[in-house]
Amino acid sequence: MNLNLFNTPPEQWTEPLSPGAQVLRQYATAHTDSLLAGIHAIAAQAPFRQMQTPGGYTMSVAMTNCGTAGWITDRKGYRYSTTDPLSGQAWPAIPADFRSLAQAAALAAGFPAFQPDACLINRYQVGAKMALHQDRDEPDLTAPIVSVSLGLPATFLWGGLQRSDKVLKVPLLHGDVVVWGREARLVFHGIAPLKAGQHPLLGEARLNLTFRQAL
Ligand code: MD3
Ligand code: FE
């Protein structure tokens with residue numbers, strides 16, 4: 001881990017975040033208008049909702065999905081579902097430009113065979129957070145996860161392979177894309193409570209897309 005990274009302005013990030021995690025700083029910036037239009041259309045079919053955890057808590061992050069499968073949680077557990085439990089219908093398809101962006105980012109990070117079939121869309125309002133967790137509901141852990149950050153900046157919490165490992169804080173900004181694979185794929189991670197602010201395109205919110213191979 002290069003500690004200089006945290007004193008270096010994001011525009012100068014040129015190194016991997018850590019083994020297996022490649023930051024493609026501002027990779028999505030030219031595409032943010034079409035991403036936001038796509039998310040708006042998806043949310044019209046499959047609204048953002050705050051899901052229940054198996055333990056009975058309501059998540060502070062609101063979520064929706066596009067793709068053949070979408071990630072859900074309720075009292076019965078965490079899983080992928082081919083239908084939206086709110087409507088009983090299939091999730092909206094992944095827009096072609098979303099998919100191209102995710103595949104190009106994966107290719108740039110050394111994953112030429114990435115075929116995302118699920119895209120979880122997280123919406124953070126001020127104070128929303130995501131507790132430290134691993135993403136392990138996907139059957140093929142050799143496939144990476146590609147994330148795209150939009151809107152207000154977030155503090156990404158980057159731990160290790162044990163929940164008790166030291167956590168580093170990394171800023172994720174509007175337009176940043178990160179490809180998480182290999183040694184980074186099962187690392188514990190989370191998002192600190194979203195700080196108040198106003199983003200010119202998104203107001204008081206952050207959106208995060210995560211492209212996954214879930215089937
Ligand atoms: C590292 N989302 O949806 S994206 C999630 O910003 C999630 O909404 C956060 O963690 C967010 O599961 C972080 C970055 C991310 C996503 C998946 C990962 C980092 C990851 C999977 C493995 C390792
Ligand atoms: Fe995650």
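Donors are N, O and S atoms within 2.8 Å of the metal (3.2 Å for Na, K and Ca), and sites may look incomplete, as water is not among the atoms. This is a predicted model, where local features need pLDDT of at least 70, side-chain atom pairs count only at pLDDT 80 or more, and totals for chains, interfaces and linings use all residues. Residues are numbered from 1 along each chain as its sequence is written, and side-chain values use heavy atoms, with hydrogens and water left out.

**View 1. The iron ion (ligand 2) and its protein donors.** Along the chain, the donors follow the spacing H-x1-D-x53-H. Asp-135 sits in the loop between β6 (130-133) and β7 (145-151), and His-189 in strand β11 (residues 189-191), so this pair ties together parts 54 residues apart in sequence. Strands are DSSP runs of E, at least two residues, numbered from the N terminus. The donor atoms, His-133 (NE2), Asp-135 (OD) and His-189 (NE2), lie 2.0 to 2.2 Å from the iron ion.

**View 2. Polar side chains facing ligand 1.** Here, a side-chain N or O atom of Tyr-124 is 2.6 Å from an oxygen atom of ligand 1. For Asn-122, a polar side-chain atom lies 2.9 Å from a ligand oxygen, and for His-189 the distance from a side-chain N or O atom to a ligand oxygen is 2.9 Å. Taken alone, ligand 1 exposes 490 Å², of which the protein buries 98% (Shrake-Rupley method, 1.4 Å probe).

**View 3. Strands in the shell around ligand 1.** Elements giving two or more residues include β5 (118-125), β8 (154-158) and β12 (205-212). β12 gives the most, with four residues.

Conventions. Chains lettered and ligands numbered in written order. Polar contact = N/O pair within 3.5 Å; in protein donor to acceptor, adjacent residues only side chain to side chain.
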